[in-house]
Structure formats: structure tokens, C-alpha cells
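Please open the structure in your viewer and keep the selection panel at hand. The tour below moves from stop to stop, saying at each one what to select and what is there.

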Amino acid sequence: MDIEAPEEAKELPKIQRLDESVVNRIAAGEVIQRPVSAVKELVENSLDASSTSISVVVKDGGLKLIQVSDDGHGIRHEDLPILCERHTTSKLSKYEDLQSIKSMGFRGEALASMTYVGHVTVTTITKGQLHGYRVSYRDGMMEHEPKACAAVKGTQIMVENLFYNMIARRKTLQNSADDYTKIVDVLSRFAIHHIDVSFSCRKHGAARADVHSVATSSRLDAIRSVYGLSVARNLIKIEASDNDPSRSVFEMDGFISNSNYVVKKTTMVLFINDRLVECTALKRALEIVYSATLPKASKPFIYMSIILPPEHVDVNVHPTKREVSLLNQEVIIEKIQSLVESMLRNSNDSRTFQEQTVESSPSVPSITNNESHLNPSPSGSKSQKVPVHKMVRTDSSDPAGRLHAYLYKKPQNHLEMNSSLTAVRSSVRQRRNLKETADLTSVQELIDVIDSKCHSGLLDIVRQCTYVGMADDVFALLQHNTHLYLANVVNLSKELMYQQVLRRFAHFNAIQLSESAPLQELIMLALKEEELDLEGNENDDLKMKIAEMNTQLLKQKAEMLEEYFCIFIDSDGNLSRLPILLDQYTPDMDRVPEFLLCLGNDVDWEDEKNCFQSLAAALGNFYAMHPPLLPNPSGEGLEFYRKRKHGKNPQDAGKSSCDIGDDIEIEDEFEHELLSEAETVWGQRDWSIQHVLFPSMRLFLKPPTSMAVNGTFVRVASLEKLYKIFERC
């Protein structure tokens with residue numbers, strides 16, 4: 001049997017010196033990790049050159065072109081040959097200089113690294129020179145002698161075809177939009193720290209810059225310019241310092257977001273000795289503080305500038321200088337963390353947020369004055385986390401929002417009549433502070449009564465409720481927090497109109513009637529509607545006298561009615577103008593006769609205060625959103641619009657005439673003209689309730705205490721237990 005010879009020992013790998021080009025390219029890959037690294041290095045060089053204006057142009061996320069131009073002191077002609085060699089720098093000459101280094105660059109590797117992974121062209125001019133020089137670099141060396149050229153003050157460096165010789169790196173950076181976003185972020189951070197320098201950053205070929213800041217004396221203005229008003233208005237200035245050599249020596253100033261600032265990503269801009277760096281430990285410490293203040297998904301905005309003695313900072317800990325090491329870092333972080341926590345706690349009083357309160361009390365059929373659920377929660381109370389199954393959505397765009405989202409409605413022609421101009425005017429008027437007229441003491445006293453009798457719990461419901469829909473002809477369904485209420489729209493609209501009359505006293509716009517209406521005929525019509533027996537001549541004579549007296553009375557009061565209430569009655573006793581109490585709303589003109597009769601009979605014309613109160617009440621009742629006189633065609637009232645004909649079967653010949661009425665044949669056809677009119681009237685009312693009454697009610701109504709007990713508001717259900725049922729439907 002043959003025995004195999006043992007394998008010969010493998011030759012051990014030989015240690016060899018790497019070629020300098022390989023070393024340089026490896027080092028370059030560490031320093032220039034992606035296009036934003038090159039931009040940061042070039043901008044820092046520009047800042048070291050005492051520039052006051054820095055402009056960045058980027059193409060394809062920086063892979064095809066990065067161009068950084070500044071107005072700094074430039075580069076001397078004799079320094080150009082070694083400008084891009086490794087470890088050539090003007091920042092230091094010996095290692096000990098690192099102990100007091102204040103510039104942002106010191107290694108002399110940034111430009112060299114760029115030449116190993118891209119094509120670099122430098123154009124520069126120094127003060128006093130008649131022309132500048134342009135030279136290209138590759139692999140750390142000049143490709144040609146510097147060429148004289150026209151140039152503006154400072155230096156322009158172009159890096160083209162970045163990572164052209166690093167195929168794997170280039171393929172992983174194909175998302176140019178992502179890299180450009182990172183570049184914009186870095187320039188934004190520089191812009192809010194170096195407020196004495198103007199920055200701009202734009203895509204190649206774009207006319208508008210994505211970052212554009214100008215030199216300013218206010219850091220808050222710089223933040224507003226770069227990050228927007230929503231960030232700047234929610235910032236708190238913060239300052240801290242320590243001068244105890246045995247513990248820590250530092251100065252810190254900056255801005256932190258308050259409790260009202262809510263975003264989903266932390267933004268922390270940190271400069272240490274004017275270097276843009278990251279400090280994971282400090283960032284984590286501050287996030288812990290904010291996590292106790294902000295909602296779970298919200299993150300803060302933090303800008304901090306920390307100044308320490310140069311000897312307390314080790315800048316040589318990261319190839320890209322992204323991180324530094326601090327002496328007494330734990331003490332500094334703890335002090336800053338405590339200060340931020342204290343400031344946030346003190347600013348919590350001004351926090352604004354929407355709170356959904358979950359109540360465990362059972363539903364009650366009506367509202368009383370002492371019900372605790374009507375009392376608004378005290379400010380500063382901590383919001384409770386609402387379980388998912390107890391959350392209630394009220395946005396009409398949500399699937400579980402208002403009931404109207406599920407209903408199919410035919411387009412209403414009358415809604416299309418509201419032009420965009422009318423809508424704009426209405427919006428402006430409703431947001432304008434109504435002038436509470438104090439011209440007459442009596443009017444002001446009536447307004448004071450309204451304010452004093454306002455029910456705070458009902459006011460909270462009125463301000464925060466969501467309109468769901470009409471439950472019947474009188475009651476609307478409202479949602480407030482997790483409760484459903486039935487609200488009497490007639491009572492609500494009557495009270496709202498009454499209050500509007502007093503608050504707009506003598507400051508009304510007018511509704512012009514198409515034709516003047518004779519008072520005497522209208523009052524006579526109202527009297528006939530009140531009287532059940534319409535055939536007595538004596539009664540007709542009495543009604544005529546009442547109508548004449550009321551007409552004469554209103555003609556005598558015409559001047560006052562026009563001046564204070566915009567009710568215009570001419571010398572012939574004709575009504576031609578009525579006041580506008582709510583924009584986009586016109587009262588039911590079928591109720592004008594009743595209103596005029598009320599003015600004549602129910603108004604106390606002798607006492608000023610009683611006169612204005614009764615007049616306001618009459619107007620409130622007239623303008624209230626009563627159900628129309630025609631039956632509602634969407635319910636049982638539809639039968640009213642069927643065509644009917646009287647008939648008699650041959651076998652019923654012996655029946656009396658009293659019984660014939662019971663044998664009415666009902667046809668399937670409808671009185672379409674009358675039905676269409678009813679649908680229009682009821683549709684207008686529903687639209688006015690949703691789009692006029694309730695928005696105006698939220699703005700203007702101060703519900704009196706009486707509404708809590710007279711059935712105007714009735715709580716009918718709690719949505720907490722019904723939520724799962726709604727979700728399954």
C-alpha cells in the first residue's frame with residue numbers, strides 16, 4: 001500500500017510595501033465617503049480663507065460636478081504646485097500645534113483625496129494680482145503648469161466625475177436626489193452658525209437656489225431664513241457656562257424648540273469651537289429630556305454652539321473630522337441636559353395642543369348646570385393617552401368621519417349660486433372682530449347680560465363640536481370629544497340671531513327686496529292665519545283696523561328702525577329692506593307677515609332697553625331656521641305631494657256624502673312642481689344649517705345657562721363603546 005507524501009508547507013504571505021497610489025486611494029475613500037464629504041471639506045476651506053460669500057453648485061448629486069466658489073484671500077501662485085499633495089497645509093507645522101488649532105482643516109488630506117477619486121480644477125486670485133490662475137490636478141499632482149486667466153476675488157474649486165475610478169462606490173451613490181438633500185442640509189447648518197457669511201446652494205442649471213442666506217446680525221433671523229417660520233417661532237434661547245477648572249470650562253449658547261414644535265425627525269445642529277460636528281452622547285441625552293415632554297412620535301430642533309479651550313478638544317479622532325473628543329464630556333453633557341430640562345418645564349405653560357378626554361361617567365338624558373363633563377378642563381392638565389379603540393375620528397375625509405361622507409346627494413343648483421367672491425367676503429367678515437356697539441348704554445347692558453349668563457361647559461361644546469347631520473326636522477346630531485348630542489337648531493339659531501342683532505347694532509348690511517311689500521296687506525295676512533274662523537265680516541273689520549294701526553305705528557318708527565336695525569319702511573308703508581344677520585343667509589320670506597305683526601304687537605316702544613330687547617327677539621325669531629312651511633319630502637311628508645282624485649265605486653251608492661271622503665284613490669304620480677319647490681327649500685335649509693349656522697355658532701354664540709336644561713342640548717350616546725361596532729360596519 002502506497003503512503004502519500006505529506007503536503008509541502010505553503011509559503012507564508014510576504015509583507016510588502018503598498019504602492020503609494022494604492023495607499024492614497026484607500027485614504028481618499030476614508031476622507032471622501034460621498035459627495036457631501038467633499039462639499040463640507042471645501043466649504044470649511046473657504047471659511048478658513050475668511051470668505052464672506054460662499055456659493056455651491058451641484059450636478060447629479062455631486063457625482064458629475066461640485067463647484068464651490070468663495071471670495072476669500074485666495075491661494076498664492078507659488079503654493080499651487082503642492083496644493084493637492086497629501087499632508088500639505090497652511091494650518092499647522094508641528095504636532096503640538098494641534099493643541100491650539102482653531103482652523104477647520106489641519107490634515108492636508110481633503111484636496112489630495114479629491115484628486116485621487118475625481119478631476120479637480122482650481123481657479124484662484126489673491127489680493128493685488130492683475131489676473132488669476134487655473135490649474136487641474138490628478139492623483140495629487142498638477143496636470144499642467146498654472147495658466148493665467150481672468151478671475152474674481154477668491155477661489156473656485158471644481159470636482160468633476162467623482163468616484164470615476166471606484167465603480168462599486170459610484171454604483172451605491174446613484175440616488176442623486178438623496179445626496180443633494182444631504183448637501184443642502186450641510187449648507188443649511190453652516191448658514192445658521194456663520195451668520196456673517198452669505199451661503200447659496202443650487203443644482204446646476206437651476207435658476208433658484210435651494211439654500212440662500214445673507215449675512216445678518218441675528219441668528220434667529222438666519223434660522224427663520226433657512227428652516228422657515230414654523231421652526232423659528234417655536235424656539236427658546238438657551239445659554240450655559242462653567243468656569244471651574246476642576247470640573248469643566250465651557251460656554252454654550254443656542255436655541256431649542258419648545259413643546260409646541262412637533263416633527264418626526266430630530267434636527268440637531270452642533271458646532272464645537274466653530275466646527276460642525278456630531279456628538280451622539282449629547283444628542284441622546286437631549287432626546288431623553290424631550291421624550292418626556294413631546295408626544296411619542298415627535299422630535300426636537302436643537303442648535304448649539306459650544307466653545308471650549310482648544311487644549312480641551314481632540315480634533316484628530318475621525319477621518320472626516322465629523323466627531324471630536326472633549327475633556328470632561330460627561331460633566332458638560334449633564335449640565336446642558338439639566339438646563340434644557342428646566343427650560344422645557346418652565347415653558348410648558350404656553351404649550352398648545354388638542355386634548356381628547358375620555359370620561360367614564362354614564363350617559364345622561366339631558367344636561368344640567370352642575371354636570372362635570374361640561375366644565376372645560378383646566379389649562380396645564382396633562383393629556384391622557386387614548387387607547388386605539390377609544391379614538392374617534394371627526395375628519396370628513398376619514399372613512400369613519402361625518403355621516404355625510406356616506407350619503408349620495410344630487411347636486412343642488414342653489415348651492416352653485418354661491419360665487420367664490422361671496423365665499424371670500426364671508427370668510428373675511430366672519431374672521432373680523434365684530435364691533436360691540438357701546439353707543440347706547442341699554443344695548444351694552446343687554447350684551448353684558450349675554451356674557452354673564454354664558455354657560456362655560458356649553459361654550460366648550462359649541463366651540464369644539466363637529467356637525468354630523470340632521471336627525472329630524474328640528475334636531476341636529478353633534479359630536480364633542482367622544483359624546484354625541486342632539487341640538488335643537490331652532491333654539492340655537494334663534495339665540496344666535498338675537499345676539500347678532502345686539503352685537504351688530506346699527507352696523508348692518510342690507511337685504512334689498514326685489515319688490516316693496518305693503519305692510520298693511522302683510523299684517524292682514526298674518527292676522528288671518530292666526531284666526532281659525534275666516535268668514536266673519538266683523539272679524540275682518542277688526543283685523544283691518546289692527547292692520548292699519550300697526551302700519552301707522554311702524555311708519556312712525558321707520559327712522560329708528562332704519563338707523564339701528566336696517567329695516568327700511570317708506571312713507572307709503574312699504575317694506576323694502578331687511579338686515580343681514582349672518583353672511584350667506586337669507587331668512588324664510590314666508591314668515592315676513594308674522595314678523596311684521598310681531599313688531600306691531602309685541603315690541604315695547606315706550607322703554608328704550610325693553611324696546612331693543614324685544615326688537616332683537618323678534619328679529620331672532622324671524623331669522624331662526626324654522627322648518628319650512630312645506631312638509632319635508634324626504635320623510636313621511638312625501639305623501640303630501642301625491643296627486644289625489646275623488647272617486648266612488650258603484651257599490652257605494654248608498655253611502656252618505658260624509659263617507660265619500662274616505663274613498664279617495666291615491667295615484668302614484670306626484671305634483672312635481674310643488675315637490676321640486678319643497679326639495680329646494682329643505683335643501684337650502686340643510687345647507688344653511690351645516691355651512692352657515694354651525695360655523696357662525698362656533699365663532700359668535702355664547703350659549704345661555706338656560707340651554708343646559710331646556711332641551712336645546714341632549715347627550716344621547718358615548719362613542720367609546722360603539723367604536724368597534726362602527727369599525728366593523
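The stops that follow take in a pair of helices, a strand with its partners, and several salt bridges.

Before selecting anything, note that this is a predicted model, in which local features need pLDDT of at least 70 and side-chain atom pairs count only at pLDDT 80 or more, while totals for chains, interfaces and linings use all residues. Residues are numbered from 1 along each chain as its sequence is written, and side-chain values use heavy atoms, with hydrogens and water left out.

**First stop: two helices**

Select residues 35-48, which are helix 2, together with residues 110-117, which are helix 3; helices here are DSSP runs of H or I with at least four residues, strands are runs of E with at least two, and both are numbered from the N terminus. The two helices pack at an angle of about 140°, and their axes lie 10 Å apart, where axes are lines fitted to C-alpha atoms over the stretch in contact and angles run from 0 to 180 degrees between N-to-C directions. Their crossing is left-handed, a term used if the near helix is turned anticlockwise from the far one by less than a right angle.

Now show the side chains where the helices meet: A38, E41, L42 and N45 of helix 2 are in contact with A110, L111 and M114 of helix 3, contact meaning heavy atoms within 4.5 Å. Sorted by class, this contact holds 5 nonpolar, 1 polar and 1 charged residues; Ala, Val, Leu, Ile, Met, Phe, Trp, Tyr, Cys and Pro count as nonpolar, Asp, Glu, Lys and Arg as charged, and the others, Gly among them, as polar.

Move on to residues 119-125, strand 3, where 6 of the 7 residues are buried, that is, under 20% relative accessible area, with exposed meaning over 50% and partly exposed in between (1.4 Å probe, protein chains only). Within strand 7, I157 stands opposite V122.

Strands 3 and 4 form a hairpin with 6 residues between them, and in the turn G128 has a positive phi of about 95°.

How many salt bridges does a search of the whole structure find? The search finds 15, a salt bridge being a side-chain nitrogen of Lys or Arg within 4 Å of a carboxyl oxygen of Asp or Glu.

Select D221 and R224, whose side chains meet in a salt bridge of 2.6 Å, N to O. Both residues lie in helix 6 (residues 219-227), 3 residues apart, about one turn of the helix. D221 is partly exposed at 37% relative accessible area, and R224 is partly exposed at 33%.

Then select K702 and D451, which form a salt bridge with their closest N and O atoms 3.0 Å apart. This pair links distant parts of the chain, 251 residues apart, with K702 in the loop between helix 20 and strand 25 and D451 in helix 11.

Finish with R34, D178 and D179, which are linked in a network of salt bridges.

Note on methods:
Pairing = 2+ DSSP bridges.
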